[in-house]
Amino acid sequence: GRAGQGGDGESQGQDQAQQQQQSPQQPQQQLRWDPVFAAFAGTEAIAIDGASGGAAGPPDERMSDAVNDDDDDDGGMGTRLQPSGGIGAEEDDEEADRSGAGDRAGEEEEDRGERQPSVVIKCTHTFVHGVRVNDLAVTPDGKTLVVICTERKVRFYDLNKLSEMEERQIVENETPTSLSLSADGNRLLVNISSASQPQIHAWDVHSSTLVNRYCGQRQIRFVIRSCFGGHEDMFVVSGSEDNNVYLWNRHSGELLATLQGHTKTVNSVSWCPAHPALFVSASDDNTIRVWGAAREVAVDSTPPP
């Protein structure tokens, strides 16, 4: 009987020893860092960047401070949140975590080398433009920079050669205030500010030829933006100083709709790339309006003759 009890005691002792050896390995998860938050898996803290104005510094140092500052509830990093099954563990669990810290140190040391920034961002070239730039955009293929400026010109720069393509320069009669490229990068919209006849000009990016004009909107004092949109970019939409949103057929230049609803100048518009019948407008009336095709309107999908 005693032998049996002794055997059970030895067995229980071995089981407890195995559990103690395994317990530090259970919470083993790699330390993780990103610009928004630092999460400490398997420890008792999750520190949220900037929650209490913590001091900036290298990611590793900031994470280390948050983990080791057990006496300070705020941790000097920000608010501490409780991950699932993490904070509030018993002292036995904390002791087990500390016993496994040595094993994790080597892994964390390797991770630090991987987290070091591998790219240094710096200015690689400067175009001396000479006048104020009102707006600019890069074509989708990444080859051309398009710039409009107060000298009433549209300039093109070759980003591969880092030089201006003077032969493609466009001269406007009035001041261009904003620009927008089509999805394929072949067409350029330029909003023109004018007291007499404000227009939106559509230019061919490659040949620098004027292909269309869109009229009706008002633009004298403010920067108004327009864009292409819809199925295959078949529409042009723009804001206006008369509080309306204007919609044209891209190819014919026909004004299709004048949309009312805003109570002050409509500054900007943007077409949803995932939904051809959805676009938004932003106004000085402190509202953003979402516009879409009415459900009861039947759309004729028959192509024109």
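This dialogue walks through a few features of a predicted model.

Biologist: What does the secondary structure of the protein come to?

Modeller: Start with the inventory of helices and strands. Here there are four helices and 19 strands.

Biologist: How many of the residues count as buried?

Modeller: Burial is a cut-off on relative accessible area: under 20% is buried. Of the 305 residues, 32% fall in that class. The accessible surface is about 19,000 Å². Carbon and sulfur atoms hold 48% of that surface.

Biologist: Which strands make up the open sheet of three, and in what order?

Modeller: The order is E17-E18-E19, and the pairing is antiparallel. Strands E17 (266–271) and E19 (288–292) stand at the edges. Each has a single partner strand, so one side of each lacks a neighbour in the sheet. Neighbouring strands are turned by 20° against each other on average, direction ignored.

Biologist: How many bridges join E17 to E18?

Modeller: Pairing is read from bridges between strands. Five join E17 to E18 (residues 278–283), and the two run antiparallel.

Biologist: Now a single residue. Is Thr144 buried or exposed?

Modeller: Compare its relative accessibility with the cut-off: buried means under 20%. Thr144 has 9%, so Thr144 counts as buried. Thr144 lies in strand E5 (residues 144–149).

Biologist: Which residues does Thr144 touch, not counting those up to four places away in sequence?

Modeller: Look past the sequence neighbours. Thr144 touches Ala137, Val138, Thr139, Phe156, Tyr157, Leu159, Met165 and Arg168.

Biologist: And across the protein, what share of contacts between residues at least 6 apart in sequence join residues at least 24 apart?

Modeller: That share is 38%.

Methods. Residues are numbered from 1 along each chain as its sequence is written. This is a predicted model: local features need pLDDT of at least 70, side-chain atom pairs count only at pLDDT 80 or more; totals for chains, interfaces and linings use all residues. Side-chain values use heavy atoms; hydrogens and water are left out. Buried means under 20% relative accessible area, exposed over 50%, partly exposed in between (1.4 Å probe, protein chains only). Contact means heavy atoms within 4.5 Å. Accessible areas come from the Shrake-Rupley method with a 1.4 Å probe; for residues, only the protein chains shown count as cover. Two strands pair if DSSP finds at least two bridges between them. Axes are lines fitted to C-alpha atoms, for helices over the stretch in contact, and angles run from 0 to 180 degrees between N-to-C directions.
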